[in-house]
Each structure stands twice: as structure tokens, then as C-alpha cells.
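I opened my notebook to look up the pockets of this model and one of its helices. Here is what I jotted down.

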Amino acid sequence: MEVLVGSIQSQGMYPGYSHRRRMSERELDTKSDSQEKAVFNRILKANKDSSQFLLEGDIVATRSRSAMGCPSNSCFWPQASDGIVHVPYVLSSDYDEDKKKTIAEAMAEFETLTCIHFVERKTEKDYLDIKSEKGCWSYYGKIGGAQTLSLMKQGCIWKGVIQHELDHALGFLHEHTRSDRDNYVKIMWQYIHPSHVDNFKKYSDSNNLDLPYDYSSVMHYSAHTFSNTSGKATIVAIPDASVPIGKKNGLSNLDVAKINKLYKCNRCSTVLDKPSGSLNSLNYPSKYSDNINCVWLIRIPSKQVFLQFEALDLQSSKDCQADYIKVYDGVSKSSKVLLDKTCGSNLPVNLTASGTTMLIEFVTDSTETGTGFQASYTSVRV
């Protein structure tokens, strides 16, 4: 995931336009279920009939911008005095309740993991106008006024796709275009049609935020994006070609880290998106620190999240007001509570979410500390 930097030379009326040739059905087809579910494959499939002039497959070119730069951070959304970045939006009434719920959940993950809060517009001049146009696409950063972000009802209402387009609007480019990409991936030019070559250019002056390259970024092309030869990858990880490329179901930890660093968010958050895994408080089994406010978002591919605490040692206090663990059935603190504030040393009961997500919150004050907690999770079908 790359920040708004670098430049693209003009090609005709629209600068950097490189998606005028529509993808054929053969190019859009993929040979495995995992590739079909990759975020950018979904985007290209939805965009095959779009009449928009799109950069890199899903970024709207503008007449006013001759480069993908961001002078004086003018294209970033402003941060309020409380550290929150409020991004106003209007959501079209064309979406049914299920689709609105999916969009809201995708937005809620930003609020849970970063300081970005997508808020319904009141009177703000600059805002996202989210509607169902042809395809999934976004402008690049904040352009001012009402800026359309298209999430087509049929083809774009997937959490990862929604977050990908929202991330463009926040000021991030595709991960494979960052300046150091050749150290991490090999572009297989022989399998890319000449009209699609510009989609794979890199920006020599990109701001990579001093954070690692992220193969699993929600902003990364999939391995077969824009391939003109069935079964042949256009992007291969190096030195290990077996490393999966592209994301299926939402923000990665590095996506979160990059947003938090760019927007100077003071957040302690972790995404756990494997089918099973473990989590523990910082320094466990040594004493945890004072004044902690951390969250772990468990987001498994399918079934339901099952959580089991294996150790608990938190400062005891009345109603657990000092230090506590709290667990939610969903992606945000507005979700149903599965485990209310818990402290002391008695292990909580095992918990099962209603779906594929669960949020664990850990808060401490400035007084006594303990060794913290340790837990494990897996996927189950109830």
C-alpha cells in the first residue's frame, strides 16, 4: 500500500490513463476459487463494462491533477483536535439493508483499528458520495467537494473491495507500485498485454512510510491481475514464489500500520485473520504496562470464531473499572457484548461468536499491574 506520491506522465486527455482497453472474459477468468475471491480480481470483473477512465484498473483520473502527488498533504483528510480523522460520506438509498450493513461493517473496521472514522455527512463541503455506478472505483485522496466512490450493487459489495476503494480515497495507491517493489516481486512482463503495461509502473519517489512491503495488503494486485495468458502470473513473489499475493477479506496488519502512521493515529490494534491462532497481552507472562488500550480483531475466513482464555491475571477492582478484558461479537465496540468487563484471575467461559468476527479489548489504568492474559481461537460450526 503506497501513499500519494510520485507522478504519472500525461497520455492524451487524461494523465496516466492505462485502462482504455477492456479486459476480455478470458483475462478476467481465474483458475482457482482463492484467486476468484482475491480483492482485485473482483474489482476488475466488476469494472469490465465501466466507461470511466481508470488508472491502474480502479482509480479515477481527474482533469485537474496532472500527477499522483499530494502537495502539502492537500489530499489527506484533516485530523481533528481529538486525533480523529472524520471522513464524511453520503450513502445512496439504492442499496438494500444487507448491502448497507456490509458497507457499514467495512467502515467500522477502520474505526476499530485506526483513527479514521467514516461519518454520515451533515453540512461538510468535502465528502464521499458512495453510490452504485458501473464498477468499483474511487478518486485518489481527497479531491474536494462531493467525490463519487462507486460500489456497484452487483459485484462490489465485499468487505475487502469496499476497504480497497476507501483506502484509495484516504490517499493510498496499489502496493506493487511502491519504489522498492523489485526487491519483493518480479513483474512478468511477457504475460502482460502492451496496453496494460502502465498498470505495473512503479513510483521512484514513493513514500513507503519505512514499513515493510506487504504481499497480503488489501491494496495489492493478485498474482494473475491483467494476465493475458491463462494460468500465468503477472506478479511473482521473490525470492519465494510460493508466497501468496493479494488479499481476500479485508485490511492486513500492515495496511492498518500504514494508515496509522500516515495519519498519525495513536492506536494499538492487531488483525488476526488465520483460521486459528493465539493472542496475549504485551510482555506476557511478564507484567503488562500502565495505560494500555489495545484491541485484537479476529476475522476468520468462514464458520464462527471460538475463543478460549488460557491464562488471566489482571488487577482486581470494583466492577473491573481499573484493568479489564472485554469481548464483542463483531468488528466494533458497538457490537453485541459477549464478555463484559472482566478482571482478576478467574478464567472466563469459552466464547463463540455468531459469525466470522470477534473483537477483544484490553484496557489498563496507571495503578497496579498483573501478568495479563493469554488466549487461543479457532473456527467452529455451531
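Predicted model: local features only at pLDDT ≥ 70, side-chain atom pairs only at ≥ 80, totals over all residues.

I began with the second largest pocket: by class, its lining has 7 nonpolar, 6 polar and 3 charged residues.

Residues are numbered from 1 along each chain as its sequence is written, and side-chain values use heavy atoms, with hydrogens and water left out.

**Second largest pocket**

I noted a volume of about 370 Å³ for the second largest pocket. Of its 16 lining residues, A108, E111, T112, H117 and K333 are the closest to its centre. For the record, a pocket is an open set of points on a 1 Å grid over the protein atoms alone, where a 1.4 Å probe fits, with protein on both sides within 12 Å along at least five of seven lines; lining residues have an atom within 4 Å of a point. The volume is the space filled by probe spheres set on the points.

Which element gives the most to this lining? I found helix 4, with 5 residues. Why does this pocket lie between domain 1 (26–170) and domain 2 (267–380)? Both domains give residues to its lining, so it lies between them. Those domain bounds come from an automatic or database domain assignment.

**Largest pocket**

The largest pocket has a volume of about 1200 Å³. I counted off K248, N249, R299, I300 and P301 as the closest to its centre, out of 46 lining residues. Its lining has 17 nonpolar, 16 polar and 13 charged residues. Helix 5 is one of the elements that each supply at least two residues to this lining.

**Helix 5**

So I turned to helix 5, residues 159–170. Helices here are DSSP runs (H or I, at least four residues), numbered from the N terminus. I found 12 of its 12 residues buried, meaning under 20% relative accessible area with a 1.4 Å probe, protein chains only. H168 is in helix 5, and its relative accessible area is 0%. UniProt's unreviewed entry lists H164, H168 and H174 under "binding site"; such annotations may be inferred rather than shown by experiment. Just after the helix, G171 takes a positive phi of about 115°.

Definitions and conventions:
Expected span 1.5 Å × (residues − 1). Buried < 20%, exposed > 50% of the residue type's maximum accessible area, 1.4 Å probe, protein only. Nonpolar A, V, L, I, M, F, W, Y, C, P; charged D, E, K, R; others polar.
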